[in-house]
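Trainee: Could you walk me through reading a protein model, one feature at a time?
Mentor: Gladly; here it is.

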Amino acid sequence: MHMNTSSFTQDVFVTKLYSLAGPHVNLADRLMVLLQVSRHEVVEKLNGDNSFSMEEMRVIKQGFNNSALGVIDLA
């Protein structure tokens, strides 16, 4: 079985986002502000229908200011 590395990376990234945001934060709303995109676009990315670009992941990592998002090398 061949695993799509990009898909796996996105899954890990989104899982980390949810754990960092916690239960009292609306993650979609927070990402809408950080990325300056529509709710629909954010929800599609969180659901895995579309992927976050490397630039979007960099912006999110900076916005959360948390090294736990270092699961992805954004060099």
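Mentor: Let us begin with contact, which means heavy atoms within 4.5 Å. Among contacts in this protein between residues at least 6 apart in sequence, 49% join residues at least 24 apart. This is a predicted model, in which local features need pLDDT of at least 70 and side-chain atom pairs count only at pLDDT 80 or more, while totals for chains, interfaces and linings use all residues. Residues are numbered from 1 along each chain as its sequence is written, and side-chain values use heavy atoms, with hydrogens and water left out.

Trainee: What average pLDDT does the protein have?
Mentor: First the term: pLDDT is the predictor's confidence in each residue, from 0 to 100. Where it is low, the predicted coordinates should not be read in detail. Here the average is 82, and 77% of the residues score at least 70.

Trainee: How do helices H2 and H3 cross?
Mentor: Two packed helices are described by the angle between their axes and the distance between the axes. Axes are lines fitted to C-alpha atoms, for helices over the stretch in contact, and angles run from 0 to 180 degrees between N-to-C directions. The axes of H2 (residues 27-35) and H3 (residues 39-46) come within 9 Å and cross at roughly 115°. From H2, the residues Leu27, Ala28, Asp29, Leu31 and Met32 meet Arg39, Val42, Val43 and Leu46 of H3. That contact divides into seven nonpolar, no polar and two charged residues. For that count, Ala, Val, Leu, Ile, Met, Phe, Trp, Tyr, Cys and Pro are nonpolar, Asp, Glu, Lys and Arg are charged, and the others, Gly among them, are polar.

Trainee: Is leucine 27 buried or exposed?
Mentor: Buried means under 20% relative accessible area, exposed over 50%, and partly exposed in between (1.4 Å probe, protein chains only). Leucine 27, in helix H2, is buried because its relative accessibility is 4%. Leaving aside neighbours within four places in sequence, leucine 27 is in contact with Leu17, Tyr18, Ala21, Leu46 and Phe64.

Trainee: Which residues touch the most other members of the largest nonpolar core?
Mentor: In soluble globular proteins, nonpolar side chains tend to be buried together. A nonpolar core is a set of buried Ala, Val, Leu, Ile, Met, Phe, Trp, Tyr and Cys residues joined through side-chain atoms within 4.5 Å. Of the 14 residues in the largest one, Leu17, Leu27, Leu31, Leu46, Phe52, Ile60 and Phe64 touch the most other members. Helix H1 (5-21), H2, H3 and helix H4 (54-64) each give two or more residues to this core.

Trainee: Why does lysine 45 count as buried?
Mentor: Lysine 45 counts as buried because its relative accessibility is 9%. This residue of helix H3 touches Val14, Asn50, Ser51, Phe52 and Glu56, not counting residues up to four places away in sequence.

Trainee: What is the phi of glutamine 36?
Mentor: Most residues other than glycine have a negative phi. Glutamine 36 has a phi near 55°, a positive value, and lies in the loop between H2 and H3. With a relative accessible area of 71%, glutamine 36 is exposed.

Technical notes: Helices (H or I, at least four residues) and strands (E, at least two) are DSSP runs, numbered from the N terminus.
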